[in-house]
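The following note sets out comments on the model shown below, arranged as numbered points.

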Amino acid sequence: MRVDKFDHWNLGTYNSALQAGILPAARFHREIGAEAVHTRVRELTRYWVERAFCIPGFRLHTPLDTESLGAVSLFSIDGLDARAVEQELRESHRIHVKYREVRHLSGMRVSPHIYMRESELDRFVEALAEVVDKQSV
């Protein structure tokens, strides 16, 4: 006896929007090309990081001077609890960074993508500076 319904990859409610978006997303990626995507996310990462260096205690844990730089970077603020900074950014500014801890290294992960504008990253850095100023008192 065979139960076919368990052979399907999707056992819950069918997500038609997700399914409908796969092919257009693949086409879009092919049109602009992987190198353009990588170039853009490197630019955006360097953009926000250069502005964040003026924040007291800002410490970047991701090297910027490499071609393997992508969108994902990890930072911390000396003397502040990264989880508290993450929570304050989310609750007070509706900005989502992600706390990460790997072995001896912990901090917040930021990962802009090609559709982000510099003005959005400016808003992030301004909010981060506010949170740092507030939590440093």
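1. Of the 137 residues in the protein chain of this predicted model, 32% count as buried. The radius of gyration is 19 Å, whereas a compact globule of 137 residues would have one near 14 Å. Along the principal axes, the C-alpha trace spans about 65 × 35 × 30 Å. Among contacts with a separation of 6 or more, 61% join residues 24 or more positions apart.

2. The secondary structure comprises 4 helices and 4 strands. Read from the N terminus, the elements follow the sequence α-α-β-β-α-β-β-α.

3. The 4 strands form an open sheet in the order E1-E2-E4-E3, and the pairing is antiparallel. Strand E1 (58–60) and strand E3 (98–102) are the edge strands, each of them pairing on one side only. From one strand to the next, the twist averages 40°. In general, strands of a sheet pair through backbone hydrogen bonds, in either a parallel or an antiparallel sense.

4. The pairing of E1 with E2 is antiparallel and extends over 3 bridges. Within this part of the sheet, Arg-59 stands opposite Ser-76 of E2. Helix H2 packs on the sheet, where H2 touches E1, E2 and strand E4 (105–110). The direction of H2 makes about 150° with that of E1.

5. Helix H2 (residues 34–52) also packs with helix H4 (residues 118–136), at an angle of about 35° and with the axes 9 Å apart. The crossing of H2 and H4 is right-handed. On the H2 side, the contact is made by Arg-40, Leu-44, Tyr-47, Trp-48, Arg-51 and Ala-52. H4 contributes Glu-118, Leu-121, Asp-122, Phe-124 and Val-125. By class, this contact has 7 nonpolar and 4 charged residues, and no polar ones.

6. Leaving aside residues up to four places away in sequence, Ser-73 touches Thr-45, Trp-48, Leu-60, Thr-62, Met-108, Arg-109 and Val-110. Trp-48, one of these residues, also takes part in the contact of H2 with H4.

Technical notes: Residues numbered from 1 in each chain as written. Predicted model: local features only at pLDDT ≥ 70, side-chain atom pairs only at ≥ 80, totals over all residues. Heavy atoms only, no water. Contact = heavy atoms within 4.5 Å. Axes fitted to C-alpha atoms, helices over the stretch in contact; angles between N-to-C directions. Helix = DSSP H or I, 4+ residues; strand = E, 2+ residues; numbered from the N terminus. Left-handed = near helix turned anticlockwise from the far one by under 90°. Nonpolar A, V, L, I, M, F, W, Y, C, P; charged D, E, K, R; others polar. Pairing = 2+ DSSP bridges. Rg over C-alpha atoms; globule rule 2.2 N^0.38 Å. Buried < 20%, exposed > 50% of the residue type's maximum accessible area, 1.4 Å probe, protein only.
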